[in-house]
Amino acid sequence: MSVAVSIQTIDIKQVSLSVVGSFVIALLAAPILTSFLYKNRIGKRLRKHGTDGEATPIFSQLHKDKSGTPTMGGVLFWLTTAILTFIFNLDRAETWLPLFTLVAAGCIGAIDDLMNVMGKGSNGGGLRMKYKFWVYAAIAAVGSWWFYQKLGFNIIHIPHFGNFTLGWWYVPVFILTVIFVGFSLNQTDGLDGLAGGVSLTAFFVFTFVALAQGKVHLAIFCASLLGSLLAFLWFNIFPARFFMGDTGSMALGMTIPILAFLTNSVAILPFVLIIPFIEGISTIIQILSKKFLHRKVFLVAPIHHHFEAKGWPETRVTMRFWVISAVGCAIGLMLALLQ
């Protein structure tokens, strides 16, 4: 199933109002959230150990001044979107699944963030990686079951090459894609405005793709996230007033592939999410290299910290990654429009 462009028949006004409305609501709510986070000292404890359990002295030195910055700012955009969707845009065929994923991943991420703030969990940094993996895998498994059993999805569309029937292989492909994208975007959330910026362009692409396919409710859902994410970025760009936290990065990272599967455009994800894909792969390479070759490929992983360690200012890394993300999204959108 390819994207059939028929946007002229769609009420674009609803999508535009969703962007503006969610932006205004989130922008007005942001000072209240900021005040709450500062008043209750819900500040980020910077990790001193990587996912492999080893110390991270370079990372700790680079980001020592950010310790204590309020976290859990991601609640701003996923809660705003969830409320607006539940009240005005709830549709079983188009918004139930992304809404469930957004809220479920956001809530689990919030628990992880609170454990980090309280110094509990793995090395005082929140949930252990293996626990997080299996919890998010369970969410992905529920989604895969719904797509395969309830909706009858088992086809992947490759632009230019057409449709490929996967049968039951659709389930593991779905689960692995959702988990990889979720944790890759989580890895991307390491610099002020980085994860929010690359997610913003991704939601623009899927808003357009959903509109082109006539999925108006899904387009409005994407537009709501787009607007509230813009409001979040207003406060998250350097120097960040608050961080996204796992509650935001995992909510975004788990939801975006759901949008891709719903629009049968999962093949464009490596382009639309080119930065998170690079970040995730760089982390995997670093872990495997240290485990089997006993040496590091990057000074620090994920790769945005490598460039920081090489002497690039944080803002330069972020803005250049934004540019790469924009180019990748342009390519992804072009591919999505191919028959």
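Reader: In which helix is Phe 88 found?

Author: This is a predicted model, in which local features need pLDDT of at least 70 and side-chain atom pairs count only at pLDDT 80 or more, while totals for chains, interfaces and linings use all residues. Residues are numbered from 1 along each chain as its sequence is written, and side-chain values use heavy atoms, with hydrogens and water left out. Helices (H or I, at least four residues) and strands (E, at least two) are DSSP runs, numbered from the N terminus. Phe 88 is found in helix H3.

Reader: Does Phe 88 count as buried or exposed?

Author: A residue is called buried under 20% relative accessible area, exposed over 50%, and partly exposed in between (1.4 Å probe, protein chains only). Because the relative accessibility of Phe 88 is 67%, this residue counts as exposed.

Reader: Which helix gives the most to the nonpolar patch?

Author: A patch is made of residues with over 30% relative accessible area and no salt bridge, like charges being joined within 9 Å and nonpolar side chains (Val, Leu, Ile, Met, Phe, Trp, Tyr) within 5 Å; the areas come from the Shrake-Rupley method with a 1.4 Å probe, and for residues only the protein chains shown count as cover. Here Leu 79, Ile 83, Phe 86, Ile 87, Phe 88, Leu 90 and Trp 96 make a nonpolar surface patch of about 760 Å². Five of the patch residues come from the element that gives the most, which spans residues 75-88 and is helix H3.

Reader: How many salt bridges does a search of the whole structure find?

Author: A salt bridge is a side-chain nitrogen of Lys or Arg within 4 Å of a carboxyl oxygen of Asp or Glu. By that criterion, the search of the whole structure finds two.

Reader: How far apart are the closest N and O atoms where Lys 132 forms a salt bridge with Asp 112?

Author: Lys 132 is buried, because its relative accessible area is 12%, and Asp 112 also counts as buried, because its relative accessibility is 3%. In the salt bridge that Lys 132 forms with Asp 112, the closest N and O atoms are separated by 3.2 Å. This pair links distant parts of the chain, with Lys 132 in helix H5 (residues 129-150) and Asp 112 in helix H4 (residues 96-117), 20 residues apart.

Reader: Which residues do salt bridges that share partners join into one network?

Author: The side chains of Asp 246 and Lys 132 meet in a salt bridge of 3.5 Å, N to O. Asp 246 lies in helix H9 (residues 245-262) and Lys 132 in helix H5, so the pair ties together parts that are 114 residues apart in sequence. Asp 246 is buried, because its relative accessible area is 11%. Through shared partners, the salt bridges join into one network Asp 112, Lys 132 and Asp 246.

Reader: Which residue has its side chain joined to that of His 157 by a polar contact?

Author: His 157 has its place in strand S1 (residues 155-158), where it counts as buried because its relative accessibility is 8%. A polar contact is a pair of N or O atoms within 3.5 Å; within protein, one must be able to donate a hydrogen and the other to accept it, and residues adjacent in sequence count only if both atoms are side-chain atoms. At 2.8 Å, the side chain of His 157 is joined in this way to that of Asn 163.

Reader: What separation lies between the C-alpha atoms of Val 272 and Ser 325?

Author: Val 272 lies in helix H10 (residues 269-272) and counts as buried, because its relative accessibility is 0%. With contact meaning heavy atoms within 4.5 Å, and not counting residues up to four places away in sequence, Val 272 touches Ala 202, Val 205, Phe 206, Ser 325, Gly 328, Cys 329 and Gly 332. Val 272 and Ser 325 are 53 residues apart along the chain, and their C-alpha atoms are separated by 7.0 Å.

Reader: Near what value is phi of His 294?

Author: His 294 is found in the loop between H11 and H12, and it is exposed because its relative accessible area is 66%. Its phi is positive, in a residue other than glycine, and is near 60 degrees.

Reader: What is omega for the cis peptide bond that joins Ala 301 and Pro 302?

Author: Pro 302 has its place in the loop between helix H11 (274-293) and helix H12 (303-309). The peptide bond joining Ala 301 and Pro 302 is cis, and its omega is about 5 degrees.
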